[in-house]
Amino acid sequence: MAYTALIVDDDVKIAALLKAYFEKDGFIVILSHDGGQAVQIVREKNPDIVILDIMLPGLDGWEVCRRLRRNNDVPIIMLTARDEETDRLIGLEIGADDYVTKPFSPREVVARARAILRRLQRITRKPDVIRIGHMAVHLQEHIVTVKEQPIELTPTEFKILELLATNPGRVFSRLQIVEQVQGFSFEGYDRTIDAHIKNLRRKLEPQPKEPQLIQTVYGVGYKLAGDGME
């Protein structure tokens with residue numbers, strides 16, 4: 001499974017260094033050098049973890065963390081150049097999950113991110129059935145129904161639907177879908193996702209050419225509407 005990390009640091013060199021190490025470890029990385037932009041990215045892209053520098057121009061890391069915690073539980077690792085206990089306590093009290101002091105080892109930051117995500121994966125259990133609108137996805141039985149009528153899906157179609165249904169409203173790129181569903185990717189394969197999405201719409205949507213359930217976010221990818229179909 002490829003996780004997405006948002007790295008927020010106005011030091012371009014540090015941000016690029018972290019990006020290189022996270023990508024080497026298999027992460028999909030989004031970079032931001034601005035606190036306000038970072039808040040917007042989290043709202044739109046729903047990354048799996050945020051690496052957040054405290055000393056940002058304008059909206060500092062503490063305020064970014066406060067704003068994110070109002071309605072988002074994304075894991076946050078704070079970065080700071082000051083090794084002050086007060087700073088660490090403030091960061092943890094406003095909702096940060098971990099705290100790393102500069103200068104740091106990029107490998108350590110990646111390792112800490114992995115540890116947080118593993119811990120969350122252990123405590124996060126999928127429900128047996130996901131219901132969105134008139135659709136029910138039975139995860140254990142690999143059964144999908146729409147208005148109580150069973151729908152036949154191929155194994156790949158079911159995996160794609162499961163991914164989208166367990167993350168309603170989250171946008172996934174074609175590459176992210178391939179990596180999370182197949183566990184690997186290679187150039188060109190991500191375009192086959194369009195065919196699978198087309199088939200899912202044909203089987204699940206009342207009007208496949210005007211999809212309400214599986215929506216296209218142009219230039220980005222696909223998402224499942226949180227309120228399902230009418």
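This is a predicted model: local features need pLDDT of at least 70, side-chain atom pairs count only at pLDDT 80 or more; totals for chains, interfaces and linings use all residues.
Contact here means heavy atoms within 4.5 Å.

## The chain as a whole

The chain has 230 residues, of which 43% count as buried. Its secondary structure consists of eight helices and eleven strands. Among contacts with a separation of 6 or more, 55% are between residues 24 or more positions apart.

Asp53 belongs to strand S3, which covers residues 49-53. Buried means under 20% relative accessible area, and Asp53, at 2%, therefore counts as buried.

With neighbours within four places in sequence left aside, Asp53 is in contact with Val8, Asp9, Asp10, Gly61, Leu79, Thr80 and Lys102.

## Helix H1

Helix H1 runs over residues 12-24. Its 13 residues reach 18 Å from the first C-alpha to the last, close to the 18 Å expected at 1.5 Å a residue. At the start of the helix, a side-chain oxygen of Asp11 comes to within 3.1 Å of the backbone nitrogen of Lys13. Just after the helix, Gly26 has a positive phi of about 100°.

Which residues of H1 are buried? They are Ala15, Leu18 and Phe22. Viewed down the axis of H1, the buried residues fall within an arc of 70°, so they line one face of the helix. An α-helix has 3.6 residues a turn, so residues three or four places apart point the same way. The face turned away from the buried side of H1 carries the exposed residues Val12, Lys13 and Lys24.

## Ser105

Ser105 sits in the loop between strand S5 (98-101) and helix H5 (106-123). Its relative accessibility is 32%, so Ser105 counts as partly exposed.

Ser105 can also be placed relative to H1. Ser105 and Leu18 are 87 residues apart in sequence, and their C-alpha atoms are 9.4 Å apart in space. Leu18 is one of the buried residues of H1.

## The sheet S6-S7-S8-S9

Four strands form an open sheet in the order S6-S7-S8-S9, with antiparallel pairing. Strand S6 (129-132) and strand S9 (149-151) stand at the edges with a single partner strand each, so one side of each has no neighbour in the sheet. On average, neighbouring strands of this sheet are turned by 25° against each other, direction ignored. Strands of a sheet pair through backbone hydrogen bonds, either parallel or antiparallel.

S7 and S8 are joined by four bridges in the antiparallel sense. One of the residue pairs is Met135 with Val146 in S8. The two strands form a hairpin with four residues between them, and His142 in the turn has a positive phi of about 55°. Strand S8 (residues 143-146) is in turn joined to S9 by three bridges, again antiparallel. Among the pairs, Thr145 has Pro150 in S9 as its bridge partner, and Val144 has Ile151. S8 and S9 also form a hairpin, with two residues between them, and Lys147 in that turn has a positive phi of about 55°.

## Helix H6 and His138

Helix H6 (residues 155-165) lies across S6, strand S7 (135-138) and S8, and runs at about 110° to S7. H6 is mostly covered, with eight of its eleven residues buried. These are Glu157, Phe158, Ile160, Leu161, Glu162, Leu163, Leu164 and Ala165.

His138 lies in strand S7. Is His138 buried or exposed? The cut-off for buried is under 20% relative accessible area, and His138, at 19%, therefore counts as buried. Residues up to four places away in sequence not counted, His138 touches Asp128, Val129, Ile143, Thr145 and Phe158. Of these, Phe158 is among the buried residues of H6, and Thr145 is the residue bridged to Pro150 in S9.

Technical notes
Residues are numbered from 1 along each chain as its sequence is written. Side-chain values use heavy atoms; hydrogens and water are left out. Buried means under 20% relative accessible area, exposed over 50%, partly exposed in between (1.4 Å probe, protein chains only). Two strands pair if DSSP finds at least two bridges between them. Axes are lines fitted to C-alpha atoms, for helices over the stretch in contact, and angles run from 0 to 180 degrees between N-to-C directions. The expected span of a helix is 1.5 Å times one less than its number of residues. The arc is that of the directions from the helix axis to the C-beta atoms. A polar contact is a pair of N or O atoms within 3.5 Å; within protein, one must be able to donate a hydrogen and the other to accept it, and residues adjacent in sequence count only if both atoms are side-chain atoms.
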